[in-house]
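Subject: Handover of a structure, with notes on its spaces and helix packing

Dear colleague,

I am passing on the structure below, and I would be grateful if you could read the notes that follow with it open beside you.

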Amino acid sequence: MSFVPNQQLSLFNSFHFLSERKQRMLENSWAKAFSDHIFLNIDEYIFAPLFSENTNSRPNAPINVIVGALILKELTGMTDDEIIESMEFDFRFQFALHTISFEQQPISDRSFSRFRSRCAAYELTTGIDLIHQCIISLSKYISEYMKLDGSIKRMDSMMIEANIRRMGRLELLYTCLSNLVNDIKQDGLLSLPEKYAHYHDSNDRNKVIYHDRETSTADKLQKIIDDAIELLHLSENKYSESRDYQLLLRAISEQTKPDPDDDSKRIPKGKGDSMDSSVLQNPSDPDATFRSKAGKNHRGYAANIIETVDENGSVISDYQYDVNTHSDSSFIKEYLEELPEQKETMAIIADGAYNSEEIQKLASKKNVGVITTGLSGKTPNEILGNFTFSDDGKEVLVCPNGYAPKSNNYISQTGNVRISFDKEKCINCPYKDKCNPKIKARTASKYVSKKASDHINQIRERRNNETYQLIGRIRNGVETIPSVMRSKYNVDKMPVRGIQRTRQFFGFKVAASNFTKLFRYTKGIEKCISLQ
């Protein structure tokens, strides 16, 4: 299939066949805005490497129609089949995608899946995400059209749930083992012992995991482990490269350990054995990782949103997508490393999780200021900010009540200073309840640190600083994006699995969100109140 750009862009004849009333309604609708600002600015040539250079082969389906339809699909919450039906029967979709002049719509029920598969295969080969490039190109156009100067960006991350069910260890190992047995049975390249026959039965899973109450969970688990290890040895020569073999091998290596009493056996790992967050959560999605955040458990991925904002509104100018164990500081570090040095100073506003000394140094090299509205780490006791320290932080000069300590002992391993006072001074101190010193027979003592004191003073400074208050209000706007992505664009219910496939869907959701902002701007209702 060869690459041919779409040349059928004219809407003149079809548009003027409409009545004046319909023309007026179409001019004010989303279809006109999408046609003018999104469809016409989709760069088809980005996707040229997906197709053959042989111009004599069959031409591709129009790329701008496919990409535009995929954006509209996310904008409207439709499925692949529903968006194709809408293109066939809804004049607005045909107008938006410039397909009115086609005798029949130029895409089929397989166009979307084939396009996504080609993009995924190209990314696996080259490491280049063409969909990301296309979406960012559209974001750049929208930013320029909305006259956003780009000097202020705000950043926030969000957890994205994988489309998988939570599995316990027993179910996980059983499913991996059953999948490999089914694979072998289907191919017929290997004769399996009779004891594996029940793993091929579709009803056996529920019998083993839920209905068999005579056998303890530990015994069932150990039997599955023994059967899995034996099957791995039996099938190694013919199936070691298969996906199901690799997943079973991964699950066994992550969930079990050698039996100290028998080197030939493996047993389940206990509570004291380490298992990190990257362990297999469900064989349906091997890329998904586990993370606990804000008291909630997440299995899936994380997205980082970079939004350009000024008084005219805001646009998601870039996005990053990775497993959910990827930290906020890693996201901003990668963004800064790829960012060219800025001619004019740019500010990135984010929360405290994005901040570190390394990030500040890297940002300064790119002429970027990273401003965090919160300070990372647990907020210390407020009273610690009233202690006066020496410049090196190894000695407390004065306590909040104005007394010099009786003794100072600096602990280099922790950075704390152990201070002590005469008992009477602390017992009668008005700050005793807040300071909470340890009272002994003759003395009172407390551990303090200059780092904690500086942390409290930074919080106080920001709390009373009008500039930081404004920055906080600006950053708060980016907090709405995760909520909108969940409620309107259903990012936690994507109908695909795997980091690569879900990243593609997420990119089109970003484009749909940006078009909504653009459409609101054209109607004069997209403004940033904090910067007005």
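A cavity here is a set of points, on a 1 Å grid over the protein atoms alone, where a 1.4 Å probe fits but cannot get out, while a pocket is an open set with protein on both sides within 12 Å along at least five of seven lines; lining residues have an atom within 4 Å of a point. Grid points are joined across faces, edges and corners, and a volume is the space filled by probe spheres set on the points. By this rule there are 2 cavities of 30 Å³ or more.

Before the details, please note that this is a predicted model, in which local features need pLDDT of at least 70 and side-chain atom pairs count only at pLDDT 80 or more, whereas totals for chains, interfaces and linings use all residues. Residues are numbered from 1 along each chain as its sequence is written, and side-chain values use heavy atoms, with hydrogens and water left out.

**The cavities**

The largest cavity has a volume of about 150 Å³, and of the 18 residues lining it, Cys399, Phe421, Cys426, Cys429 and Cys435 are the closest to its centre. Helices (H or I, at least four residues) and strands (E, at least two) are DSSP runs numbered from the N terminus. At least two lining residues of the largest cavity come from each of strand S12 (416-422), helix H15 (423-427), helix H16 (432-435) and strand S14 (443-448), and S14 gives the most, with 3 residues. If Ala, Val, Leu, Ile, Met, Phe, Trp, Tyr, Cys and Pro count as nonpolar, Asp, Glu, Lys and Arg as charged, and the others, Gly among them, as polar, this lining divides into 13 nonpolar, 2 polar and 3 charged residues.

The second largest cavity holds about 40 Å³ of space, and its lining consists of Ile38, Ile71, Ile135, Leu138, Ser139, Ile142, Ala511 and Asn514. Helix H8 (130-145) and helix H20 (499-522) are the elements that give two or more residues to this lining, and the largest share, 4 residues, comes from H8. In the lining of the second largest cavity, 6 residues are nonpolar, 2 are polar and none is charged.

**The helix pair H8 and H20**

H8 and H20 also pack against each other, at an angle of about 10 degrees and with their axes 10 Å apart, where axes are lines fitted to C-alpha atoms, for helices over the stretch in contact, and angles run from 0 to 180 degrees between N-to-C directions. The two helices are therefore roughly parallel to each other, a term that covers angles under 35 degrees, with those over 145 counted as roughly antiparallel, 65 to 115 as roughly perpendicular and the rest as oblique. Contact means heavy atoms within 4.5 Å, and among the residues that meet are Ile135, Ser139 and Ile142 in H8 and Ala511 and Asn514 in H20. The residues of this contact divide into 10 nonpolar, 5 polar and no charged.

**The largest pocket**

The largest pocket has a volume of about 880 Å³. Of its 30 lining residues, Ile136, Ser317, Asp318, Tyr335 and Leu339 lie nearest its centre, and H8, strand S6 (313-323) and helix H13 (328-338) are the elements that supply two or more residues. This lining divides into 9 nonpolar, 10 polar and 11 charged residues.

With best wishes
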